[in-house]
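Please open the model in your viewer and keep the selection panel at hand. The tour goes from one selection to the next, with a word on what is there.

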Amino acid sequence: MRQSTEPGFPLALQRDSGIALPAQLAEAIRRLARQEVLRPGEIVPSSRALARHLSVSRGTVVSAFDQLLAEGWLTTVPGGATRINPLLPQLGTPAAGVPRVVSSNPPAPRVNLRPGRPLQDDLPSAEWRAAWRQAAAEPVDVPAPSLGLPALQAAVAEHLRRMRGVLVDPARIAVTSGGREGLALLLHAARIRSVGVEDPGFPGLRRVLSRHGIDMVSLPTDTRGLVTAALPTTAAPDAVIVTPSHQYPLGGTLPIDRRAALLEWAGRHGVRVIEDDYDSELRYTSEPLPALASLAAAQVALLGTFSKTLTPALATGFLVLPADLVDDAASVRRDLGQPVGLVAQRALARYLASGALARHTQRMRRVYRRRRDLVTAALADVHGVRVNPMDGGLHAVLWLSHDEQSVIAALAEHGIAVASLADYWASGPDRARPGLVLGYGGVPEPDLRQALEVIRGVLANQRPGNRLPVAD
């Protein structure tokens, strides 16, 4: 016997309306079906349950159901449940409720070579699974501190000491849900109103600044990173965001003379330095370079994330705060809340403390180095193309003498997605030089090899211009 359930949708009858109760009930069900509160194929409550809920006779409900069955709004089979007719969409029934949102996103590409996606196949190791099992087994009625779980703060501090040469008091570390959330926390805590940004630079952080109404000042870069000789000498911004270990997207490394010049300029003008430590651990030609924060802990706030070394799905990172901002950041967090759950923090703390992340990163460096070499070998001799030298990271930059939008469109026809270098310039497309940003981290290697063959063919068949842009 079918279980009688109470209706979980709004339904009421007006006994003083002058309209017969069966007619009211039938029209109410029609309206709910038109609005898709009751959806095609969904079971409606039994006549007994609905009669009990509405305090009417079962005959009233049966009469309404019979009318709806005759009209085709309902359907039933002997011994089965009564349902909203599953064919209603094919019958063109208008929906009068909330309009459907039609996605404007294009179909997913066959091979996605947009940058920023790491390879995640090897992540669910025994150490990874054990860390999550142990974290989930612990009590959950313990609130996470506003800046983060002390065990994770300590594990991140040890990770920074070993991997980045940064000695930091764990109490200065804020656990974040990633680089963008960490930047937002810093903007609030330091009351920042204007920021200098590398040009080209990471669009994701620029969007955070834009959302917060921050004034942006474009700062030029070259093959070695930020051009410190061009830093403003008047009307300096409140802060500057730099990627000194691996400039994004061009890949340059800021030399020591420019690092010193940047810190001297910042100290003279009272500018906070925000170091975006974007994928700096994925370096192939040497060990990861010391962070800028290791030279001037009082001046530099260090933004980090585990999205490239582990997975973006973890949505966890960190912010190393200058000592004078710790209390302000904790106050912001008490008001806005800690965005990373307690279980996730415990699991990551265990994973880091076990040394598993360092071993995983070492393995992935070998994988990504091989992939970078595949890109270079496949495209280095294509006329009108120059592969920008990349000492690390998950992507390659291709300078083109072709029309980049034509190349991107041609690749899309083959099911291959890449990014336009023009998207990385804060100063607008007029300054941008033709180029592509090609991510090689997040796809299976056979797919990468096949895609590189297609890219090579497309570039060879496109007509290049007369001059290949030269990187500064």
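**The largest pocket**

Begin by selecting α7, the element that gives the most to the lining of the largest pocket, with 4 residues. This is a predicted model, in which local features need pLDDT of at least 70 and side-chain atom pairs count only at pLDDT 80 or more, while totals for chains, interfaces and linings use all residues. Residues are numbered from 1 along each chain as its sequence is written, and side-chain values use heavy atoms, with hydrogens and water left out. Helices (H or I, at least four residues) and strands (E, at least two) are DSSP runs, numbered from the N terminus.

A pocket here is an open set of points on a 1 Å grid over the protein atoms alone, where a 1.4 Å probe fits, with protein on both sides within 12 Å along at least five of seven lines; its lining residues have an atom within 4 Å of a point. Next, select Arg180, Phe202, Arg207, Tyr278 and Lys308, which lie nearest the centre of the largest pocket among its 31 lining residues. The elements that give two or more residues to this lining are α6 (179–190), α7, β10 (300–305) and β15 (419–420).

**Aromatic pairs**

Phe202 lies in the loop between β5 (194–199) and α7 (203–211), and Tyr248 in the loop between β8 (239–242) and α8 (256–269), so the pair ties together parts that are 46 residues apart in sequence. Phe202 counts as partly exposed, at 26% relative accessibility, whereas Tyr248 is buried, with a relative accessible area of 2% (buried means under 20%, exposed over 50% and partly exposed in between, with a 1.4 Å probe and protein chains only).

Now select Trp128, Trp132 and Tyr351, which form one aromatic cluster.

**The nonpolar cores**

Finally, select Leu262, Phe306 and Leu310, which have the most contacts inside the largest nonpolar core, a set of 45 residues (such a core joins buried Ala, Val, Leu, Ile, Met, Phe, Trp, Tyr and Cys residues through side-chain atoms within 4.5 Å). The largest share of this core, 6 residues, comes from α10. Apart from it lies another core, of 34 residues, among them Leu400, Tyr440, Leu448 and Ile455.

Technical notes:
Phe/Tyr/Trp six-rings, centres within 6.5 Å; stacked < 30°, edge-to-face > 60°.
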